[in-house]
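Work through the exercises below with the sequence and the 3D view open. Each task is followed by a solution in steps.

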Amino acid sequence: MEYFGPVLGVMTAPDLATAVALQNGTDYGLTAGLHSLDPDEVRYWVEHVRAGNLYVNRGITGAIVRRQPFGGWKRSSVGTGTKAGGPNYLYGFGDVVPAPVTELVAEPTAPLLRRVLEVGRTVLSSEDAVRLEVAVGLDQRALDEEFGHGHDPAALGVERNILRYRPAPVLIRLGQGRPWLELLRELSAALAVPGGRHRLSAALPPPAALATFLAEVEIGWVVETDHAFLARVAAPPAADDPARFDRRIRLLGGDPTALATALAGSDSGSLDTAVYAGPVVDAGRVAILPYVREQVVSVTAHRYGHPSDLPDAAGLAVTDWAEGRTSPDL
């Protein structure tokens, strides 16, 4: 049956946490809205709701290019999920290839990135360790300039429109014959924005120091052949897997065509899985993108024309979104 007109469905919940669980229960996540003057309610909601564009105390339609880059989560997005009208949108229309870095890169300051360097210096050759230092330093730069804080380029006085980055869980596959340098470089990108709960599949067991580090950062790993990996990812995800409609695979080596064929012929479906099969690059501005979801929070900063401090009270300022963020439910 089709309804050619507005349809309003109403559900009730005893508290906000239950309401958010109901809101997140759908397979889709394009836009979501909340009307509340309680800063604690607003803060809880924006930290837990699973959607690409969040609206507080305003309508949930009419996104404007650059002011509110548009794009959803889960089945409201296909592919890499970069937002239309946002700073990363054009990356989805081309290929990025490695290029030599000819400038000096500073040592990282983020603790997890420093740990990646420490492990790399233990596991890799001196030449590969130097290459890793460059990539990790560029990840730190990308964190400082883009991924580590929110962005509000419109800077309207009556409304906050903050583009921020949330951690996204990724299955990293290190194929047969691929060097550990590639994995360590990807681990740096993956851990730049903490909380993604990533997993690793490798053709060989990692060296002892690397295995210890993986346990430290809670990245589970399995050893399997390329064939076994394809068979496993083609299996349907668990019904309670929060990422079942937004799976991401970072493929290092192996056959992208074979992976696409396996996904297309499985119950898990290629529609719900984004595969990042491009070459490993030093540029953190590109390398970190598979490990984050973009989200825009748009909140009215006035009440009937009078300035409101609700956004600041709810923590919705352009600030550091990455440091200490875990958000495993996202």
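## Exercise 1: α3 against α6

Arg115, Val116, Val119, Thr122 and Val123 of α3 make contact with Ala209, Leu210, Phe213 and Glu216 of α6. The model is a predicted one.

Task: Sort the residues of this contact by class, then state how the two helices are oriented.

Solution.
- Step 1. The contact of α3 with α6 holds 6 nonpolar, 1 polar and 2 charged residues.
- Step 2. α3 covers residues 111-123 and α6 covers residues 208-216; their packing angle is about 160°, and their axes lie 9 Å apart.
- Step 3. Angles over 145 degrees count as roughly antiparallel, so α3 is roughly antiparallel to α6.
- Step 4. The crossing in which α3 passes α6 is left-handed.

## Exercise 2: α7 against α8

Task: Find the angle between α7 and α8, and list which residues meet.

Solution.
- Step 1. Helix α7 (residues 226-233) packs on helix α8 (residues 256-264) at about 30°, and the axes are 9 Å apart.
- Step 2. Angles under 35 degrees count as roughly parallel, and α7 and α8 are therefore roughly parallel to each other.
- Step 3. α7 passes α8 in a right-handed crossing.
- Step 4. From α7, Phe229, Leu230 and Val233 meet Ala258, Leu259, Ala262 and Leu263 from α8.
- Step 5. By class, this contact of α7 with α8 has 7 nonpolar, no polar and no charged residues.

## Exercise 3: α1 against α2

Task: Describe how α1 and α2 pack, and what their contact is made of.

Solution.
- Step 1. α1 spans residues 16-24 and α2 spans residues 39-48; they pack at an angle of about 30°, with axes 11 Å apart.
- Step 2. That angle makes α1 roughly parallel to α2.
- Step 3. α1 and α2 cross in a right-handed way.
- Step 4. Leu16, Ala17, Val20, Gln23 and Asn24 in α1 touch Glu41, Tyr44, Trp45 and His48 in α2.
- Step 5. The contact of α1 with α2 divides into 5 nonpolar, 3 polar and 1 charged residues.

## Exercise 4: the helix α4

Task: Compare the length of α4 with its expected value, and say what covers its buried residues.

Solution.
- Step 1. α4 (residues 126-147) has 22 residues.
- Step 2. From first C-alpha to last, α4 reaches 29 Å, close to the 32 Å expected at 1.5 Å a residue.
- Step 3. Buried residues of α4 include Ala129, Leu132, Asp139, Gln140, Glu146 and Phe147.
- Step 4. Among the elements covering the buried residues of α4 are the helices α3, α5 (180-192) and α9 (284-287), along with the strands β5 (159-167) and β11 (292-300).

Note on methods:
Residues are numbered from 1 along each chain as its sequence is written. This is a predicted model: local features need pLDDT of at least 70, side-chain atom pairs count only at pLDDT 80 or more; totals for chains, interfaces and linings use all residues. Side-chain values use heavy atoms; hydrogens and water are left out. Axes are lines fitted to C-alpha atoms, for helices over the stretch in contact, and angles run from 0 to 180 degrees between N-to-C directions. Helices (H or I, at least four residues) and strands (E, at least two) are DSSP runs, numbered from the N terminus. Angles under 35 degrees count as roughly parallel, over 145 as roughly antiparallel, 65 to 115 as roughly perpendicular and the rest as oblique. A crossing is left-handed if the near helix is turned anticlockwise from the far one by less than a right angle, and right-handed if clockwise. Contact means heavy atoms within 4.5 Å. Ala, Val, Leu, Ile, Met, Phe, Trp, Tyr, Cys and Pro count as nonpolar, Asp, Glu, Lys and Arg as charged, and the others, Gly among them, as polar. The expected span of a helix is 1.5 Å times one less than its number of residues. Buried means under 20% relative accessible area, exposed over 50%, partly exposed in between (1.4 Å probe, protein chains only).
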